[in-house]
Amino acid sequence: MPAFGSFALLVALALSGYNLLAGAVALRQLATGRRSWISPEKLAETARRAGIASFFATACAAFALVWAAFTNDFSVAYITEHSNRALPAAYKFAALWSGQEGSLLLWAFLLSAYGFVLRARHKVDVKLTAYASTILAGIQVFFLLLVNVAATPFSLVTGAVPPDGNGLNPLLQYPEMVIHPPMLYLGYVGFSVPFAFALGALMMRYPGEKWIHITRRWTMVTWLFLTVGIFLGMHWAYSVLGWGGYWGWDPVENASLMPWLTGTAFLHSVMMQEKRGMMKSWNVWLIFSTFMLAILGTLLTRSGLVSSVHAFAQSAIGTWFWVFLVIVLAVCLFTYILQRDHLKTEHKLESLVSRESSFLFNNLVLLAACFTVLWGTLFPVLSEYVQGNRVTVSAPFYNRVAVPIGVFLLFLTGIGPLLAWRSTSMRSIRKNFVLPATVGLVVAIAIIPLGVHPWTIFTTDGQGAFYAWITFAMAAAVLTAISAEFFRGARVIQGKSGQNLLMSMVELTRRNTRRYGGYIVHFGIVLIFIGISGQAFNQSHEQTMNYKQSFMLGPYRVECLDYSQDSNPNYDTEFALLNVYRGDHFVTKLAPELRVYAASQQPSTIVANHSTLVADLYVIYAGKDPATGQPVIKAFLNPLVAWIWIGLIVTIFGTGIALAPNLSAAIAAQRHRAAVPAEPVPAGRAGN
Amino acid sequence: MRQFMRLALLPLLIVLGVVTLGSADTEARYNDLGHKMMCVCGCSQILIECNHVGCPDSDRMLAELRSAIAGGGTNDAILTAFQDKYGPTVLAAPMLTKFNIVAWVVPPALLVLGLAGTFMLVKKWRLRAATMPAVEDDAVSNELRERIRKETEV
Amino acid sequence: MTTIACGLLLIGAFLYVFWPEKNVEAQHQKTRLEFLRERREVLFDNLRDLNFEYRSGKYPEEDYASQRAMLENEAAETVAEIDLLESDAFAPQHG
């Protein structure tokens, strides 16, 4: 099987290489009108098919690796390092992405899967797809070269085949870890598709902005995958790493955040191009940067340039990524310089107070956030270069610098949708802003007695509470603005159809899924902001506990009921049983654990968490007191964390709606047909 | 507009206004300083958050921090002492010294520059933009206008 | 076993890619008419949006009037050109 896997990878590389070469030659011939012994259309068709076939070949390779994991084929070095016999089946599957070689193979596989869908649906626009497919093939060649030459997943162990493997890192033995990396990779890899379309459209001087329409769903799906991937990672960090938080500003986390920020900027500013033909160069560079940041993120974390807790990552593979990045940049620059006259805007901005300018500022702030993250991630390297010593740039830096930018972004989330396209008059501003601003103000005042004290900004470490205060007030304003949008729209529908308000809102959403789905996404993001602000009020307590001993944390009393230990083939465990009371009222039973995995001899904490909308009571088993053998319990009270996960669900739901086709488009098309029944079908339409 | 400016200036103000006012109680200071340093065992975690079992450094360092606070130094003095002992990577974020100031100033400065640039760009565009006729163009026939309105009515 | 699987993969891929195909999809350059139609749809969508937002009470009357005039002028230009091109293209058949 390993031999088959290796061979399949080689075939996939050959097919992708052929796709790239034949595709490029065919496109060149079509562009210049020069003919050879084979018609360029036929050549392009073979190139497309090679791309499709490369998907099957890569799939065979991925299958071979999973097969090796399931059959405990420890002759494969990768399987020996990342699996063992006692590992549960789901985690054997996850072995595919728990090491570097496997995750690069997964990357290549997902890329070819995206490519497969794109090439199979080439009739959307044959020419544009041919360009995009060829560019995608180029990216495929790079990743397939990596897994064929630099990081081969099917290398065999030297010497005798070991009887058992080293096992999977216990930190990764968690259900979310089975889906977090593929989601994240789907996000990273997915940006290749809009990138390929954008570059292709620029190369062929695609007339009009329809390519944005074609790639819109791709971009949104990709964005969704990346979002879900990031948040699953956060949830995993929160539930498994057991340090009481969900985001540590680790370089790997930062690497996933950067393309997310530029991708979000792209999703917004591309609307200006689609609707008004503006910002063409900007958008092209945004998607170029997003793709390059996805590659750069991998480079940063895999080359060992910046240190990271994601230990598997470091290797010499960085050089490959450097070279690839330089090639991508060169191709982008070259194409842009050659074709930049194609990107002239049709409209100029007409007013500082307009939807367009709010998009402009939104983009600026998102990019500033992205730059801050990049700067913080790279500053240690810069510092070493300039002043000769490494420094750490971690949470305190981002809390001070990135948080204000985030708050500004929240502000723009609120006002953007309220502004009109082109220009907004003062009267219109008054009309739309009074209500949200009032609600925001009322909330700002109302939460002060609840303990959210803005004046703490003047104390040593009190910025958190101040930003939380601003965030809560602004969140209230933004939520009001969004609700008002729904309400106003629904009233119009209600006036026409006589449905009740709720049904009208549903119809409203169905008539313009992108806009109202987008509002729901904003709603989710605001909830996430609220959840993150809760951090400012975190509390913690650590104590060695005997039977019947207890401590207070916030409103909760935590009492130790029992502690013990247990064993099974995969791990040994120590745990404590804790009763949680609120006043005299019993709330729940918590059982934090500490496991030591047999194969790897690595310890891992299992967090016990009692989550409510107000706060999480998050308890970990920190170890055993060496003198008494009693458990050391560390407890955190983390307010509002649940809002983050709820916000994520709302965001997923909103994106799902935005992806659904418009009802109004269907209605309009119907009306169009009804209104002009005698319109002849023009000859040129077939290709669209 | 003023709101825009005020919010944009916030990060700068905060960075410039990193002042230590008053003396918080010991536990709050311990918590605060514990969050401003890293564990040096290589786990890349914030000192007070380091939670891996059998960490060779964090317990000892936290004990040092406690005695340093009890010893009565200022926050800055304690951080500097730790930096001298463990090297600059022990600080979770660089202090405002020499080149390290650059770390703090560049992102907000860039944002402010970007905002200013955008304002100017928009202003320039507005001057250049041909003022579109805000009235209905007579060249458009009523019949055509009717057709468009019919197609685009809600 | 492995050799057979490898062989099948190679032959399958080769056959699939180079299987002679008579009717390949032609790549064609988008015509001016198609481009204009896309543009008309975008402008109409913008107008529908504007109308809807006005009806929902987001714009004062005069903002609405001037914005609609601008968009309608633009749309009218496009529609007029479409009409012209269509009548040119299909005049012979109708005539």
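**Burial and helices**

Mentor: In chain B, 25% of the 154 residues count as buried, a residue being buried if 20 or more other C-beta atoms, placed from the backbone, lie within 10 Å of its own, exposed if 12 or fewer, and partly exposed in between. This is a predicted model, in which local features need pLDDT of at least 70 and side-chain atom pairs count only at pLDDT 80 or more, while totals for chains, interfaces and linings use all residues. Residues are numbered from 1 along each chain as its sequence is written, and chains are lettered from A and ligands numbered from 1 in the order in which they are written.

Trainee: How many helices and strands does chain B have?

Mentor: Helices (H or I, at least four residues) and strands (E, at least two) are DSSP runs, numbered from the N terminus. Chain B has 6 helices and 0 strands.

Trainee: What are the secondary structure and the dimensions of chain C?

Mentor: Chain C has 3 helices and 0 strands, in the order α-α-α from the N terminus. Its C-alpha atoms fill a box of roughly 80 × 45 × 15 Å along the principal axes. The radius of gyration, taken over C-alpha atoms, is compared with a globule rule of 2.2 Å times the number of residues to the power 0.38. For chain C the radius is 26 Å, whereas a compact globule of 95 residues would have one near 12 Å. Of the 95 residues of chain C, 28% count as buried.

Trainee: How many residues do chain C and chain A give to their contact?

Mentor: Two residues are in contact if their C-beta atoms, placed from the backbone, lie within 7 Å. Chain C gives 36 residues and chain A gives 42 residues. On the side of chain C, the elements giving two or more residues are α1 (2-18), α2 (32-55) and α3 (61-94).

Trainee: At what angle do helices α14 and α16 of chain A cross?

Mentor: Axes are lines fitted to C-alpha atoms, for helices over the stretch in contact, and angles run from 0 to 180 degrees between N-to-C directions. The axes of α14 (residues 395-415) and α16 (residues 463-497) of chain A come within 9 Å and cross at roughly 15 degrees. Therefore α14(A) is roughly parallel to α16(A); angles under 35 degrees count as roughly parallel, over 145 as roughly antiparallel, 65 to 115 as roughly perpendicular and the rest as oblique. Among the residues making this contact are V403(A) and F411(A) of α14(A) and Y467(A) and M474(A) of α16(A).
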